[in-house]
Amino acid sequence: PLNSNGFVVTGQNESSISLQWNKVGNQSFILQVEGSVISVPAPDGNGPVTHTVSALSAGTEYTFTLFTVFNGVTSRGENLTAATAPLNSNGFVVTGQNESSISLQWNKVGNQSFILQVEGSVINVPAPDGNGPVTHTVSALSAGTEYTFTLFTVFNGVPSRGENLTAATAPLNSNGFVVTGQNESSISLQWNKVGNQSFILQVEALPAPDGNGPVTHTVSALSAGTEYTFTLFTVFNGVTSSGATVRASTAPLNSNGFVVTGQNESSISLQWNKVGNQSFILQVEGSVISVPAPDGNGPVDPHSLCSLCWD
């Protein structure tokens with residue numbers, strides 16, 4: 001008999017390949033694959049013949065030979081080569097991200113290549129050399145945005161069923177990060193909102209603020225006269241920005257022992273105790289007098305306010 005025509009692959013997965021071909025009268029068929037012989041009886045109706053070959057190995061190329069059979073006599077046969085879908089890769093993880101890119105890693109699957117899909121874009125990743133994991137960085141992304149990546153293993157042009165991974169880019173840092181006030185035990189800070197994202201301040205986690213105005217926060221229980229470095233991170237889906245830094249000092253303690261040690265018609269002598277190595281400002285009647293940090297451990301040397309005006 002004549003060979004059938006229209007012998008094509010209509011689908012495949014990791015363990016099966018579906019085939020289709022046209023009828024040849026009411027004749028039956030023999031399908032050979034890898035030494036196995038499959039008898040396909042003459043189908044009813046006028047439509048094409050379909051058959052699925054199962055129990056195959058993933059990511060494997062097979063050659064199928066189709067014979068038409070009439071009274072035990074076979075046609076010369078027609079060959080068709082097709083592959084099963086490969087297995088998905090495993091170990092598909094995020095290894096890093098910043099404001100504009102996300103780095104991904106996954107394990108090799110033989111010498112097969114990959115397709116990475118994200119937001120409608122298709123990225124071809126060739127089969128890598130060596131035995132280590134495959135790495136790829138997707139760039140030109142938007143800051144503070146969640147993306148879904150789908151990874152397909154590809155064998156002979158046939159993709160695996162695909163594995164999804166959701167990851168977010170780092171958000172932008174807040175701007176306007178400033179000190180708005182301080183006393184001996186606290187420092188008040190302010191910065192601008194970044195969408196509805198929350199923040200981390202050094203080791204304090206801060207919830208996303210309501211409203212559109214700037215964010216304010218006071219860090220308390222600090223030590224007087226001490227300089228602190230604050231680093232502010234914007235947080236989106238658990239991913240932090242690169243961080244903005246501001247340095248600020250708490251107010252020092254007042255000196256004690258502030259006394260008058262003498263006076264005359266035109267001057268007053270004052271004395272007070274040192275506070276570490278800190279300097280002083282002395283204000284009187286609108287005038288400002290800077291007093292540098294003194295040497296030694298004793299009280300600050302008497303300081304005279306001269307040329308006082310008397311009514």
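Author: First, the term. A pocket here is an open set of grid points where a 1.4 Å probe fits, with protein on both sides within 12 Å along at least five of seven lines. Lining residues have an atom within 4 Å of a point. Also, this is a predicted model.

Reader: Fine. What volume does the largest pocket have?

Author: About 320 Å³.

Reader: Which residues line the largest pocket?

Author: Pro252, Leu253, Asn254, Ser255 and Phe258 are among them. The lining also includes Trp272, Val275, Gln278 and Ser279. Phe280, Ile281 and Leu282 belong to it too.

Reader: Which strand gives the most to that lining?

Author: β27, with 3 residues.

Reader: And what follows β27 in the chain?

Author: A loop between β27 (280-284) and β28 (287-291), and Glu285 lies in it. The phi of Glu285 is near 50°, a positive value in a residue other than glycine.

Reader: Is Glu285 buried or exposed?

Author: Exposed, because its relative accessible area is 80% and the cut-off for exposed is over 50%.

Reader: Where else does a residue other than glycine have a positive phi?

Author: At Asn156, where phi is near 55°. Asn156 sits in the loop between β14 (146-155) and β15 (158-159).

Reader: Why does Asn156 count as partly exposed?

Author: Because its relative accessibility is 48%. Partly exposed runs between the buried limit, under 20%, and the exposed limit, over 50%.

Reader: Switching topic. What domains does the assignment give?

Author: Domain 1 covers 8-84 and domain 2 covers 93-169. Domain 3 is 178-250, and domain 4 is 258-310.

Reader: How many Å separate the centres of domain 2 and domain 4?

Author: 70 Å, taken over C-alpha atoms.

Reader: What does UniProt list for residues 85-172?

Author: An unreviewed UniProt entry lists "domain: Fibronectin type-III" there. In the model, residues 85-172 are 0% helix and 50% strand. The end C-alpha atoms of that stretch are 41 Å apart.

Reader: Now the sheet with β1. What's the strand order?

Author: β1-β2-β5, in an open sheet of 3 strands with antiparallel pairing. The edge strands are β1 (8-12) and β5 (49-53), and each pairs on one side only. The twist averages 25° from one strand to the next.

Reader: How many bridges between β1 and β2?

Author: 4, with β1 and β2 (residues 17-21) paired in the antiparallel sense. A hairpin of 4 residues joins β1 to β2. Gln12 stands opposite Ile17 in β2.

Reader: Last one. Where is Gly35?

Author: In the loop between β3 (28-33) and β4 (36-40). Gly35 is exposed, with a relative accessible area of 80%.

Reader: And how many Å from Gly35 to Val194?

Author: 65 Å, C-alpha to C-alpha. In sequence, Gly35 and Val194 are 159 residues apart.

Note on methods:
Residues numbered from 1 in each chain as written. Predicted model: local features only at pLDDT ≥ 70, side-chain atom pairs only at ≥ 80, totals over all residues. Heavy atoms only, no water. Pairing = 2+ DSSP bridges. Helix = DSSP H or I, 4+ residues; strand = E, 2+ residues; numbered from the N terminus. Axes fitted to C-alpha atoms, helices over the stretch in contact; angles between N-to-C directions. Domains from an automatic or database assignment. Buried < 20%, exposed > 50% of the residue type's maximum accessible area, 1.4 Å probe, protein only. UniProt positions renumbered as here; feature names shortened; annotations may be inferred. 1 Å grid on protein atoms, 1.4 Å probe; cavity = no way out; pocket = protein on both sides within 12 Å on 5 of 7 lines; lining within 4 Å. Points joined across faces, edges and corners; volume = space filled by probe spheres on them.
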